[in-house]
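Let's go through a few labels and ask what each one rests on.

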Amino acid sequence: MIPTEPAVASPGVLDRRRLLKGLGLGAGLAAAPLSAQLGQHGFTHGIASGEPSSNSVLLWTRYVSDQPATVLWEMKEAATGRVVAGGEIEAHPDRDWCVKPVASGLEPATWYLYRFRDVQGNVSAEGRTRTLPEGETDRFSMAVFSCSNMGFGWFNAYRHAADADEFDLVVHTGDYFYEYQPGNYPSAEEAVLGRVLNPEHEIVSLADYRMRHAIYRQDPDLQRLTQLYPMIMVWDDHETANDSYSDGAENHQPASEGEWSVRKGVAMRAYREWLPVSDDNWASYEIGDLASIFRLETRLTARSKQFSIADVLKGKNSPEEAMQALLAFKHGDYLDPSRSMMGAEQERWLATGLRASRAAGKPWQVLAQQVLMGSSRAPSAIADAMNDSVPDFARRRIMAAIMASKAGIPFNMDAWDGYPAARERLFQSSLEADANLLVLAGDTHNAWAFELDHGGARVGVEFGGQSVTSPGAEGYLSAVAPERFAKGIVEENPQLKWADTAQRGYMAVELTPARATSEYRFLETIRHRSTQLAGTKRISSSAGSRTLELG
């Protein structure tokens, strides 16, 4: 939870832009069959691909029928039109009519086209996907997204990345959708006209989660993005409920919403039905000799319950009592080594993977995961910036964060800052592997760039991405200029080298053997459909330096 949330082929071989136009993909959703546009029977929600490897990719579509039906799929090389794979799979109501065949036996670093059809000859829209490279790899480019709350605006970041046509892969670091009912984040006053949510209550049941997936999948810009690129996705909390952990969530009330394990299970089921993802909780992806990407699970399988600074301060009636309680917490429960983000099994898997990646000579070890790993405390100047427009729940959290910061305690207990022992274990395993960590994160709605260190040793860098639509610090600190706030929080935190706390968009991350670069792309608006950029910011790290270069 952040304070704004309520408490309840190489270009020389194949020109991709020419390919889009030549094969009709440039027409976008207008090329989809009538059944796909009506959203009733047939191919109702477009196509997508994900979980790429050097020789395989997972395909996705949804086909609705009156009874279980056979769906055929076909894949061909984009450059030659040669059919290279195909098969059939059953669309069944038990899986909400979603199908996910895996195309295998493919060539590395190759663009493919794919489509589905039924036995009557009706066809889906045509999608494009790409396998990962093998061997020598000079460049790899990713579009990185997070926090896509439909009610707050249009997914212009998705459309911009689709139109840019320059990526090999899409990475979504979580909060792909939000579980709240209409009128609660965003409020009725904040909501953008035309962004209608179903169901009209907070989602709890399997049918609810499926319906929310369906309404998001109807967004034309989301459909276009997934039509053009393969995806790697991780869930954060809102795919289930706010501030979720293994045994519960802030936004789950067992008395009225049932057992948490049931809600978590149906949310995970719907997620795996409706998205081009595998059933593996975590996985790795090899980018030739350039990088390993590790998709982490830090939310639902092993995470300990978050600490609450408010609980630490509860019942303390003076500043002296409050500070004593905070210091006792800082040197006591806060350091508990049994607290976990990933669990022992995943920690061992990641440590082994980091060692193997470095032993193979790969310059980059990329963590695609949910929440910020860099450490940050709240600047005391925030208190001066608050005015009467700040909601009470946000005011209380901000004041607690400021007091915690004075005791040397970070403010975001829902991020890695709330699990220092688990983070130290990860950093230690990275240093033992001599890894060069490049951490990708979302969750906070704002843009960040951290240099990560452990006991004085440099560990790597972190690119924290701004949200697609969810509001950031500008939403509750309107009395202070965003530039001033960003400057203050950077000055307060040694690891933090740059921040933008007022703009929406996505990151364009490029890897080469020598450098990793994030271009933070900020959209001019999310209130209406537009791909106009308001600006960009480029930040790089030289391979092996574990430091940032601010452009």
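A quick word on axes: they are lines fitted to C-alpha atoms, for helices over the stretch in contact, and angles run from 0 to 180 degrees between N-to-C directions. This is a predicted model, where local features need pLDDT of at least 70, side-chain atom pairs count only at pLDDT 80 or more, and totals for chains, interfaces and linings use all residues. Residues are numbered from 1 along each chain as its sequence is written, and side-chain values use heavy atoms, with hydrogens and water left out.

Q: How do the axes of helix α4 and helix α7 cross, and within what distance do they come?
A: The axes of α4 (residues 206-217) and α7 (residues 260-274) come within 8 Å, crossing at roughly 35°. Helices here are DSSP runs (H or I, at least four residues), numbered from the N terminus.

Q: Which residues of α4 and α7 meet?
A: With contact meaning heavy atoms within 4.5 Å, Leu206, Tyr209, Arg210, His213, Ala214 and Arg217 in α4 meet residues of α7 including Val266, Ala270 and Trp274.

Q: What makes α4 largely enclosed by the rest of the structure?
A: Buried means under 20% relative accessible area (1.4 Å probe, protein chains only). In α4, 10 of the 12 residues are buried, so the helix counts as largely enclosed. Those buried residues pack against β1 (42-50), β2 (56-64), α5 (220-228) and α7.

Q: Why is Cys147 called buried?
A: Because its relative accessible area is 0%. Cys98 is buried too, at 3%.

Conventions: Helix = DSSP H or I, 4+ residues; strand = E, 2+ residues; numbered from the N terminus. Buried < 20%, exposed > 50% of the residue type's maximum accessible area, 1.4 Å probe, protein only.
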